[in-house]
Amino acid sequence: SQLRGPAPRWPRTAPIQLRLALHTHFGFVLVSSFEMSCIPGQRLCAAGDSFIGGKGTYVQHGYIYSSLAGRFTIERQKDKKIVQVQRSMDKNVPTPGNIVTAKITAVTHRFCKCSIIAIEDCELWEPFRGIIRKEDVHETEKDKVEMHKSFRMGDIVLARVMSIGDALFYYLTTAENMLGVVVALSASEVPMVPVSWTTMQCPVSSVRESRKIAKLAPIS
C-alpha cells in the first residue's frame, strides 16, 4: 500500500520536478506549503491524469504553463491534483519599475544572465532569472559597451526591472547612475573596492578590474 500522510516540507530550493515526483510516487496529501513563485509563460509540469491545470494556468503541447505572475500551488481533490497560480499581491514577484538585487551567473558579449535574489528590501525564497542586454547597461554610448568590462560572474548588482521577457527571463537595466555593481570579488576571493566609477581594485593584490559600478556614495 502507498504511504500517505502530511506532505513533508521540502526546502524551497528543491527542484520542482523532484518535489512533484516524490508527491506523485508516495501519494502524499499536498498542502499549501508546496508553492513557488512563477511568471507568465513558465512551464510548471506535465499535464495528464495526475496533474490538471486550474486557475491562472493553460495547457499547451502536453504541459501546464502559468498565465500569471504569482504563486504556483497544488491542491489535491480526490484522485486528482489541481495546479493553480494565484496572482501575487505583494513584493514576491518582480514587476516593471522595481529595483532588484541580482547575482551575475553568466556573461557573453551581447548580454549577461543573473539570478534575482531580492526585490527592493524583500529577500526572495527562490530566485527569478534575469537578463541584462548590452544596450541596457549604460544610458549613453550603448554601442561602446563591453559586457566583460561591465560585469563578471558572481558580481552582485542593483538593477531595475524593465519588462517580463519570454517565459524564462525578466529584462533588467543598469542604465542609471545608482544602478550597477555593488559587490565584486577579486581572483583572490576578496571584496574589491571602487577607485573610480568604472574601476574596482583588490585591496590585497592591488589588481584593478573594470565594472559598471553603482554610484551609491562618493568615491574616496
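Cysteine 202 is buried, because its relative accessible area is 1%, under the 20% cut-off. How many disulfides does the chain have? The count comes to zero disulfides. Cysteine 45 counts as buried as well, at 8% relative accessibility. Please keep in mind that this is a predicted model.

Now the overall picture. The secondary structure amounts to one helix and 16 strands. The chain has 220 residues, and 42% of them are buried.

Next, the strands around β7. Strand β7 covers residues 80-87, and strand β3, residues 51-53, runs parallel to it, joined by three bridges. Within that pairing, phenylalanine 51 has lysine 81 of β7 as its bridge partner. Strand β6, residues 70-77, is joined to β7 by eight bridges, and these two strands run antiparallel. Here isoleucine 74 has valine 83 as its bridge partner in β7. Strands β6 and β7 form a hairpin with two residues between the strands, and lysine 78 there takes a positive phi near 55°. In general, strands of a sheet pair through backbone hydrogen bonds, in either the parallel or the antiparallel sense.

Strand β15, residues 199-201, pairs with β16 over three bridges. Methionine 200 has glutamate 209 as its bridge partner in β16.

Which residues have the most contacts inside the largest nonpolar core? They are Ile104, Ile116, Ile132, Phe151 and Leu172, in a core of 28 residues. Several strands supply at least two residues each to this core: β8, β9 (111-119), β10 (122-133), β11 (156-164) and β12 (170-173). Taking isoleucine 116 as an example, and not counting residues up to four places away in sequence, its contacts include Val100, Ala102, Leu124, Phe128, Tyr170 and Leu172. Among the others that isoleucine 116 touches are Pro94, Arg129 and Gly130.

There is also a second, separate core, of eleven residues, which includes Cys45, Phe51, Leu68 and Val83. Two of these names came up with β7: phenylalanine 51 as the bridge partner of lysine 81, and valine 83 as the bridge partner of isoleucine 74. As a general remark, nonpolar side chains in soluble globular proteins tend to be buried together.

Is asparagine 98 buried or exposed? Asparagine 98 counts as buried because its relative accessibility is 13%, under the 20% cut-off. Asparagine 98 sits in the loop between β7 and β8, the latter covering residues 99-107. The side chains of asparagine 98 and glutamate 120 are joined by a polar contact of 3.4 Å. Leaving aside neighbours within four places in sequence, asparagine 98 is in contact with Val93, Ile119, Glu120, Ala159, Arg160 and Val161.

Definitions and conventions:
Residues numbered from 1 in each chain as written. Predicted model: local features only at pLDDT ≥ 70, side-chain atom pairs only at ≥ 80, totals over all residues. Heavy atoms only, no water. Pairing = 2+ DSSP bridges. Helix = DSSP H or I, 4+ residues; strand = E, 2+ residues; numbered from the N terminus. Buried < 20%, exposed > 50% of the residue type's maximum accessible area, 1.4 Å probe, protein only. Polar contact = N/O pair within 3.5 Å; in protein donor to acceptor, adjacent residues only side chain to side chain. Contact = heavy atoms within 4.5 Å. Core = buried A, V, L, I, M, F, W, Y, C linked by side-chain atoms within 4.5 Å. Disulfide = S-S within 2.5 Å.
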